[in-house]
Amino acid sequence: MGMTITQKQNSEAANAAVENLNERFSDSGVSSEVVAHSAGKKQEFVRITCSPDQWRAVAKHLKHELGVNHCAMVTGTHYPSGNDERGWEVAYHMHRWPIHNVEAHTMTVYTGEKLKGDDIPMEFEIFIPLPAGDSPSVPSIQDIWEGADWNEKETWDLVGIDFEGHVNMHRVLNPHDSPTGFHPLQRQHKIRYHDFNEMYDDPQGFGRKPVDEGRIK
Amino acid sequence: MAEMWITMGPQHPMTHGLWTLRVKVDGETVTDTEAELGYIHRGVEKICEARDFTQITPYCDRLCYVSAMTWAHSYIMAAEDLLEAEVPERAEYIRLMAAEVQRLASHLMWLGAFGPDIGNLTLMTWCLRDREMFLDLLQELGGSRMHYNYPRVGGVKRDIPIGWANRLKAKVKLFENRIKEYEMLLDESTIWLVRLQGVGYATAEDQIDAGVTGPNIRAAGVNTDARWTNPYSVYDQVDWEPAVEKPTSVKGADCYDRYRVRMEEMRQSCRMLLDAIEKIPGGANTHYQPGDEMLITKAPTRAPEGATGFSTYECTRGVSNFYIQGGGDGRGKNPYRVSIRSPMFITIPYVAKTMIGYKVADIPAIMGSFDPCIGETDR
């Protein structure tokens, strides 16, 4: 039989992490809660909402006190109709996994059901809402997790979120000579989408006009 | 001697796709590297914002052209989390088998491509021969040879055909013997050992800090695998254990360990498949019509604003994540934002840095042992 993490372990670890976070950040406007996935095994995870000023303190706490060792992904989102509370949002997803170095010629075989404390795998979701405006910016955590480096590069490249303190920021997916300020996942860039009539009436596309003609490009 | 920059790629046999590795060399020794990606960036995340939840699946198939099934499942799990869909147990078993057959096919493609890197051309023909068996099985499920568009929100497109279980069993049992043949070919080959052993060391903690996951980290001596750490599907009901390898040095796993762990992982996939086909609810030789409640449940097609879905999935090359926000165009018919975490996008820059200090001739071995795939890297 394959092993697994039981619901009890999962729930206890999530609650312990939230308790720990609330104790440390009780009066600084960082909110954390236990949330459950709505599909699959309904696993619970920790969702944290914090301001950009608090972010590096929270990140260091996650890494050094709660053993979060994997920065999985960074997602930037643009809300063009947003306000001063949320015009942009950066979501970090992190994992805690039982991974420790081993001696040569040995291996560590964990049994899911027997894991305890900080070795229990856990998912962390961190939302950082940013005010609307032309220059969204959050502090970089490149020096805390090496894995955040290219994730942040990608988020800047595609969404245009600025990561303060990020060393060696450059385009990764877009061409290196893309115009300054061009970040395709911002919402003013509409996706061109030819409809079927256009395909049948004008199969070679001579008369086709971009749907975002006249808008900012 | 003066140092100089050499550009390997975008057209280079080592790259396994379109990307560039810039290498700074001092004589034969690599002193610095830089990875350049983005040659086949297609903007999948942007395209997804103008598609509904079912239309996105084929785009996710094409994220990695040798591992379509796992990527489609990774996406569909996040969509199910967003839309709050339940999956029938029979569908979960079918998904598990589809993903594991795909894992075999993908690892065979990796091994086949890795052989010529090292100088073993026989391996390519052997692996492609065996991979074809598994592609045939997947073709019976999805209808096409490489991009299947098979999973649906809440289940699967159609049931396994009559006789599929028997063909699967025969092929898997044959393949278990073929793995032994591969090992006889490779583990006894001096060239194979000399080129792989003692190069490309990487420890477990270094790798996880840099975001490297999957078989690469299991080669370094820990059995962390998203199939049990973040349990999904029915992996807790079938017989398997995570493949794990003892690293040969305090410096961590070398290229040979990473080759060994993938061979072991193929064995575990075989074991899982043989067990799952016995345990599948409803019987392996029953065929339910598409849309039957054994295969798919009704799921909402629209997601409200503010709803989010997230999945952690063990793809063939590491852990892939999807993060989806609901409430896009068409009153929530489209997602507002789809974000994709590709394991290789993070791994390639890390591997580029691990090459520093080795010889230029070791670069193909080190790069190939991490199993790069550029389709998912550039998205």
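Tutor: Chain A has 4 helices and 7 strands. Here helices (H or I, at least four residues) and strands (E, at least two) are DSSP runs, numbered from the N terminus. This is a predicted model, in which local features need pLDDT of at least 70 and side-chain atom pairs count only at pLDDT 80 or more, while totals for chains, interfaces and linings use all residues. Residues are numbered from 1 along each chain as its sequence is written, and chains are lettered from A and ligands numbered from 1 in the order in which they are written.

Read chain A from the N terminus. Its elements run α-β-β-α-β-β-β-β-α-β-α. Now find the sheet. It is open, with 5 strands in the order β1-β2-β5-β4-β3, and its pairing is mixed. Two strands pair if DSSP finds at least two bridges between them. Strands of a sheet pair through backbone hydrogen bonds, either parallel or antiparallel.

Start at the edges. They are β1 (31-36) and β3 (70-78) of chain A, each pairing on one side only. From one strand to the next, the twist averages 20°. Angles run from 0 to 180 degrees between N-to-C directions, and axes are lines fitted to C-alpha atoms, for helices over the stretch in contact.

Next, go pair by pair. β1(A) and β2(A) are antiparallel, with 6 bridges. In this pair, Ser32(A) stands opposite Ile48(A). β2(A) and β5(A) run parallel, joined by 4 bridges. There Thr49(A) stands opposite Phe127(A). β4 (residues 88-96) and β5 (residues 122-130) of chain A are antiparallel over 9 bridges. Look for Val90(A), which stands opposite Ile128(A) in β5(A).

Follow the chain between β4 and β5 of chain A. His105(A) is in that loop. Its phi is positive, about 60°, although it is not a glycine. Most residues other than glycine have a negative phi. His105(A) is exposed, because it has 11 other C-beta atoms within 10 Å. The cut-offs: a residue is buried if 20 or more other C-beta atoms lie within 10 Å of its own, exposed if 12 or fewer, and partly exposed in between, with C-beta atoms placed from the backbone.

In chain A, 62% of the contacts between residues at least 6 apart in sequence join residues at least 24 apart.

Now set chain B beside it. Chain B has 15 helices and 8 strands. Its radius of gyration is 21 Å, close to the 21 Å of the globule rule for 379 residues, so chain B is as compact as a globular protein of that length. That radius is taken over C-alpha atoms, and the rule is 2.2 Å times the number of residues to the power 0.38. Buried residues make up 60% of the 379 residues in chain B.

Ser233(B) lies in the loop between α10 and α11 (255-279) of chain B. Its phi is positive too, about 55°, and it is not a glycine. Ser233(B) is buried, because 22 other C-beta atoms lie within 10 Å.

Last, see where the chains meet. Contacts link 54 residues of chain B with 49 residues of chain A. Elements giving two or more residues to the chain B side include α1 (44-48), α3 (68-83), α8 (204-210) and α13 (343-354) of chain B. α8(B) gives the most, with 5 residues. By class, this side has 24 nonpolar, 16 polar and 14 charged residues. Ala, Val, Leu, Ile, Met, Phe, Trp, Tyr, Cys and Pro count as nonpolar, Asp, Glu, Lys and Arg as charged, and the others, Gly among them, as polar.

Terms used:
Contact = placed C-beta atoms within 7 Å.
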